[in-house]
Amino acid sequence: MFNDRQDVGRRLASALLRYRNQDVVIVGLPRGGVPVALEIAKVLDAPMTMIFVRKIGVPGAPEVAMGAVVDGAHPYVLMNGDIIHRLGISDDIFQSVMEEELKEIARRKALFKAVVPDVDLEGKIVMLVDDGIATGATMTAAAVAIQQYGVERLVIAVPVAPRSVIANLEDKVGDVICLEAASSFRAVGDVYHHFPQLSDDDVIDCFRQYSIVAADRM
């Protein structure tokens, strides 16, 4: 069990120390991955930013991912063919839900643009960070999108994920750091003692903390 996201960030940072003093950028997945990314950025003395990615949930069962969408300079849409086929999801339904998620991404981009740094990823070692992986849809979409920036190496760092998802991600990226590989679990929050839902203000606060730390290093 982990105490909270800050605890996870510090533990992951310890597992990533070999990357310290290298050309690294820490990229958090919203919202829960951002406080984890902050702790890693502090320890590795690395720049930090965020990727705008959203799960595309099944109507009536939003926790079930039928895909994921990334917006940015290199947008990407992931479709979970197994779920879509099994549940008979039409193209129109998928597109409709995706458009709603893109509206939420647009809202967040407008809100966070004043605090989230625009960091050049080309040629960098990029660490994609989240507070845990359940289906892997959002992390996979984020990984594919990030690779389009011409990064030198892509590292995924999470506290917990299903073994099957880890295996799939290892086929796509250079390095996957997972503190606890699980055969199965109901939800990411099950491995935390303290796992509150995060607000937009929590994300903004993390980036303000990061800006203070970065300013102190100059």
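## Backbone geometry in the loops

At 42% relative accessibility, D45 counts as partly exposed, a class that lies between buried (under 20% relative accessible area) and exposed (over 50%), as found with a 1.4 Å probe on protein chains only. D45 is placed in the loop between α2 and β2, and has a positive phi of about 55° although it is not a glycine. Helices (H or I, at least four residues) and strands (E, at least two) are DSSP runs, numbered from the N terminus.

This is a predicted model, in which local features need pLDDT of at least 70 and side-chain atom pairs count only at pLDDT 80 or more, while totals for chains, interfaces and linings use all residues. Residues are numbered from 1 along each chain as its sequence is written, and side-chain values use heavy atoms, with hydrogens and water left out.

N21 also has a positive phi, of about 70°, and is not a glycine. N21 lies in the loop between α1 (5-15) and β1, and counts as exposed because its relative accessibility is 73%. The loop between β1 and α2 (33-44) holds R31, and the peptide bond from P30 to R31 is cis, with omega near -15°.

## The parallel sheet

Strands of a sheet pair through backbone hydrogen bonds, either parallel or antiparallel. Here, five strands form an open sheet in the order β2-β1-β6-β7-β8, with parallel pairing. The edge strands are β2 (48-50) and β8 (175-182), each of which pairs on one side only. Neighbouring strands of this sheet are turned by 20° against each other on average, direction ignored. Two strands count as paired if DSSP finds at least two bridges between them.

Within the sheet, strand β1 (residues 24-28) runs parallel to strand β6 (residues 125-129), and five bridges join them. V25 has V126 as its bridge partner in β6.

Strand β3 (residues 52-58) is mostly covered, with five of its seven residues buried. Seven bridges pair β3 with strand β4 (residues 61-71) in the antiparallel sense. The bridge partner of G57 in β4 is A65. Two residues lie between the strands of this hairpin, in which G60 takes a positive phi near 85°.

Two packed helices are described by the angle between their axes and the distance between the axes. Axes are lines fitted to C-alpha atoms, for helices over the stretch in contact, and angles run from 0 to 180 degrees between N-to-C directions. Angles under 35 degrees count as roughly parallel, over 145 as roughly antiparallel, 65 to 115 as roughly perpendicular and the rest as oblique.

The axes of α2 and α7 are 9 Å apart, and the helices pack at an angle of about 10°; α2 and α7 are therefore roughly parallel to each other. Residues making this contact (heavy atoms within 4.5 Å) include L38 and A41 of α2 and F207 and Y210 of α7. By class, the contact of α2 with α7 has 10 nonpolar, one polar and two charged residues. Ala, Val, Leu, Ile, Met, Phe, Trp, Tyr, Cys and Pro count as nonpolar, Asp, Glu, Lys and Arg as charged, and the others, Gly among them, as polar.

Helix α4 (residues 91-112) and helix α7 (residues 200-217) cross at roughly 40°, and their axes come within 11 Å. That angle makes α4 oblique to α7. R107, R108, L111 and F112 of α4 make the contact with D200, V203 and I204 of α7. The contact of α4 with α7 has four nonpolar, no polar and three charged residues.
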